[in-house]
Amino acid sequence: MKKAIVIDVKDNVATLLADVDANDEVQVMVGDKTTETKVQEGIQFGHKFAMKKISKGQNVVKYGEVIGQATQDIVEGQHVHVHNVESLRGRGDLA
Amino acid sequence: MKLSGYVRPDGSVGFRNHVVILSSVGCANDVSQKLAHMYPNTLLLTHRQGCGQLGEDKEQAARTLAGLGKNPNIAAVLVIGMGCESITAEYLAEEISKTKKSVEYLTVLEEGGLMAALPKGARFLDQMISEASQMTRVSCGLDALTLGVKCGLTDTTSGIASNPAIGIVADMVIESGGTVVFGETPEVIGAEHILAKRATTPGVEQDLYRVVKECEERVKASGMDIRGANPAPGNIAGGITTIEEKSLGAIKKGGGKKLQGVLGYGEIPKGKGLYFMDGPGRTPEALTGLSGAGAQIIIFPTGGGSPAGSLISPVIKVTGNPRTAQRLKDHIDIDVSRIIKGESTLEEAGESVFQELLNVASGKATKSERLSYGMISIWNIGPHM
């Protein structure tokens with residue numbers, strides 16, 4: 001089974017260790033434990049998907065830290081990237 | 001742990017033995033190039049700075065150029081000036097000669113033009129090459145090492161595999177009495193609170209927050225969103241979504257030791273241990289700054305497989321991405337992608353990088369050295385006049 005990794009238990013995203021197709025079941029490593037999640041769409045190696053629903057405006061958490069904010073509702077198993085997350089730092093366009 | 005290197009008159013140790021032709025100003029590059037063509041065993045260091053710069057920018061360029069000349073990997077330096085520039089050849093020669101290594105300078109205008117400058121430069125180089133060729137390696141310890149660490153073409157494997165494996169090496173170097181310099185200020189944005197906790201003094205903590213704030217303020221003053229510049233398109237393609245995500249992975253490459261100080265760009269640390277150097281994440285500027293800070297060797301985690309090199313300091317490139325390790329073998333010195341496959345621990349990967357560090361310090365040519373890949377590019381913050 002294709003694998004993904006969650007770096008910190010507080011994270012709401014996992015990082016894929018293989019390319020996946022829509023509806024693939026992925027084995028997710030969270031520390032010493034593993035769990036399974038179905039991805040909603042084709043996603044590339046190294047990219048992230050949501051481990052649970054992330055509502056618009058909610059923080060996206062990886063490494064146990066905030067890496068940005070959802071710009072739309074993201075469902076479990078959906079690709080999490082620049083199309084649905086924005087950075088909260090270095091935003092000269094908002095200054 | 002024993003290494004071998006060239007002991008310099010000031011007691012520092014070089015792991016390479018370059019005779020350098022250094023332009024004090026971009027206008028002197030043609031002369032430097034002609035001399036390097038006559039003496040292909042020299043290392044040519046050209047750049048576009050040295051004149052028309054203001055205040056802090058001029059100081060930073062002068063400090064970095066002097067620091068490059070002082071780098072222990074360099075046996076001798078011939079500085080070539082034009083004679084009308086603001087960062088003079090005489091100033092650089094004087095600064096570099098504080099290391100007591102062999103240093104000479106000339107300026108084209110004082111010599112009476114290009115045709116007169118060439119034979120004078122040639123005589124200096126002939127002597128320097130002769131002296132350097134007779135130097136031999138002697139055994140030394142890791143306490144002689146200043147290790148630079150810089151990541152490039154980062155993807156999400158960097159924060160999981162190569163950066164933490166290199167962090168283990170950084171810790172090992174410091175435990176052996178050495179020095180580690182890492183930096184890339186934009187790539188601390190969003191992770192500064194983690195690094196700041198490791199500051200040895202409140203002053204160091206404030207310095208770290210200050211340089212990160214100044215960096216973020218420069219972005220805001222530009223009116224632009226940092227995304228697209230950093231994370232760069234290559235990072236985004238590799239799965240990095242925001243600068244915060246990149247930073248949280250990036251800081252792992254510096255290991256977990258206490259932070260002794262925050263250096264200006266190209267500034268040489270005054271003590272041992274872990275230092276943070278202010279400066280950009282862009283590879284040529286970051287590598288030049290590390291060489292200017294005295295790093296004899298640089299370890300470079302790269303998810304996407306950058307070919308990066310520094311002319312002065314051998315760059316050991318490490319990837320945690322199995323595809324990059326396969327596709328870009330000519331760029332990658334050490335493959336730690338077994339971590340991603342679950343076949344190796346971070347500690348095992350760190351040990352393999354550490355072993356390569358010892359090999360390279362003792363003379364093994366890195367991939368970028370074999371290709372002579374690299375350039376001098378000094379961070380510029382203000383306008384050129």
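A: Helix α3 (residues 89-96) of chain B lies across β3, β5 and β6 of chain B, running at about 175 degrees to β6(B). This is a predicted model, in which local features need pLDDT of at least 70 and side-chain atom pairs count only at pLDDT 80 or more, while totals for chains, interfaces and linings use all residues. Residues are numbered from 1 along each chain as its sequence is written, and chains are lettered from A and ligands numbered from 1 in the order in which they are written.

Q: What makes a stretch of chain B a helix or a strand, and how many of each are there?

A: Helices (H or I, at least four residues) and strands (E, at least two) are DSSP runs, numbered from the N terminus. Chain B has 14 helices and 14 strands by that criterion. The radius of gyration of chain B, taken over C-alpha atoms, is 20 Å, close to the 21 Å that the globule rule (2.2 Å times the number of residues to the power 0.38) gives for 385 residues, so chain B is as compact as a globular protein of that length.

Q: Why is the 4-strand arrangement in chain B called an open sheet, and in what order do its strands come?

A: Two strands pair if DSSP finds at least two bridges between them, and the strands here follow the order β4-β3-β5-β6 (chain B) with parallel pairing. β4 and β6 (102-107) of chain B stand at the edges with a single partner strand each, so one side of each has no neighbour in the sheet. Strand β3 (residues 18-23) of chain B is joined to β4(B) by 3 bridges, and L22(B) stands opposite L45(B) in β4(B).

Q: Which strands does α2(B) touch, and what is its direction relative to β3(B)?

A: α2(B) packs on the sheet and touches β3, β4 and β5 (74-81) of chain B, where contact requires C-beta atoms, placed from the backbone, within 7 Å. The direction of α2(B) makes about 160 degrees with that of β3(B), the axes being lines fitted to C-alpha atoms (for helices over the stretch in contact) and the angles running from 0 to 180 degrees between N-to-C directions.

Q: What makes a residue buried, and what share of each chain is buried?

A: A residue is buried if 20 or more other C-beta atoms lie within 10 Å of its own, exposed if 12 or fewer, and partly exposed in between, with C-beta atoms placed from the backbone. Buried residues make up 59% of the 385 residues in chain B and 40% of the 95 residues in chain A.

Q: How does the radius of gyration of chain A agree with that of a compact globule?

A: With 95 residues, a compact globule would have a radius of gyration near 12 Å, and the 13 Å of chain A agrees with this. The secondary structure of chain A comes to 0 helices and 9 strands.

Key:
Contact = placed C-beta atoms within 7 Å.
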